[in-house]
Amino acid sequence: MTLESCKKCKYHVNLVSGQVMCKYRENIDSLATENGNVIGCPIDKTKY
């Protein structure tokens, strides 16, 4: 997922020091970003 799409996602909490705070699961997870993309996004994994 791109960072811009992530910011619009209902599970997006915040972006802190290049890490996306995501509340897709019960707890808030920290996901890395690289070149404007979110690495390991759980939304991307559920598409396939």
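**Reading the cavity, the strands and the ring pair**

A: The lining of the largest cavity consists of eight nonpolar residues, one polar residue and no charged residue. Please keep in mind throughout that this is a predicted model.

Q: How is such a cavity found, and how many cavities of 30 Å³ or more does the search of the whole structure give?
A: Rolling a probe the size of a water molecule over the atoms shows where empty space is left. In this case the search of the whole structure gives one cavity of 30 Å³ or more. The space in the largest cavity amounts to about 40 Å³.

Q: Which residues line the largest cavity?
A: The lining is made up of C6, C9, H12, V20, M21, C22, L31, V38 and C41.

Q: Which element gives the largest share of that lining?
A: Strand β2 does, with three residues.

Q: What is found at the turn of the hairpin of β1 and β2?
A: Two residues lie between the strands, and S17 adopts a positive phi near 50 degrees.

Q: In which sense do β2 and β3 pair, and over how many bridges?
A: The pairing of β2 with β3, residues 29–34, is antiparallel and also has four bridges. In β3, the residue opposite M21 is S30. These two strands form a hairpin as well, with six residues between them.

Q: How many aromatic pairs does the structure hold, and why is the pair of Y11 and Y24 assigned its geometry?
A: There is one aromatic pair. Planes over 60 degrees apart count as edge-to-face. The ring centres of Y11 and Y24 are 5.0 Å apart and their planes stand at 80 degrees, so this pair is edge-to-face.

Q: Which parts does the pair tie together?
A: Y11 lies in the loop between α1 (3–8) and β1, while Y24 lies in the loop between β2 and β3; the pair therefore ties together parts that are 13 residues apart in sequence.

Q: What are the relative accessible areas of Y11 and Y24?
A: The value is 24% for Y11, which is partly exposed. Y24 has 27% and is likewise partly exposed.

Methods:
Residues are numbered from 1 along each chain as its sequence is written. This is a predicted model: local features need pLDDT of at least 70, side-chain atom pairs count only at pLDDT 80 or more; totals for chains, interfaces and linings use all residues. Side-chain values use heavy atoms; hydrogens and water are left out. Two strands pair if DSSP finds at least two bridges between them. Rings of Phe, Tyr and Trp (its six-membered ring) pair if their centres lie within 6.5 Å; planes under 30 degrees apart count as stacked, over 60 as edge-to-face and the rest as tilted. Buried means under 20% relative accessible area, exposed over 50%, partly exposed in between (1.4 Å probe, protein chains only). On a 1 Å grid over the protein atoms alone, a cavity is a set of points where a 1.4 Å probe fits but cannot get out, and a pocket is an open set with protein on both sides within 12 Å along at least five of seven lines; lining residues have an atom within 4 Å of a point. Grid points are joined across faces, edges and corners, and a volume is the space filled by probe spheres set on the points. Ala, Val, Leu, Ile, Met, Phe, Trp, Tyr, Cys and Pro count as nonpolar, Asp, Glu, Lys and Arg as charged, and the others, Gly among them, as polar.
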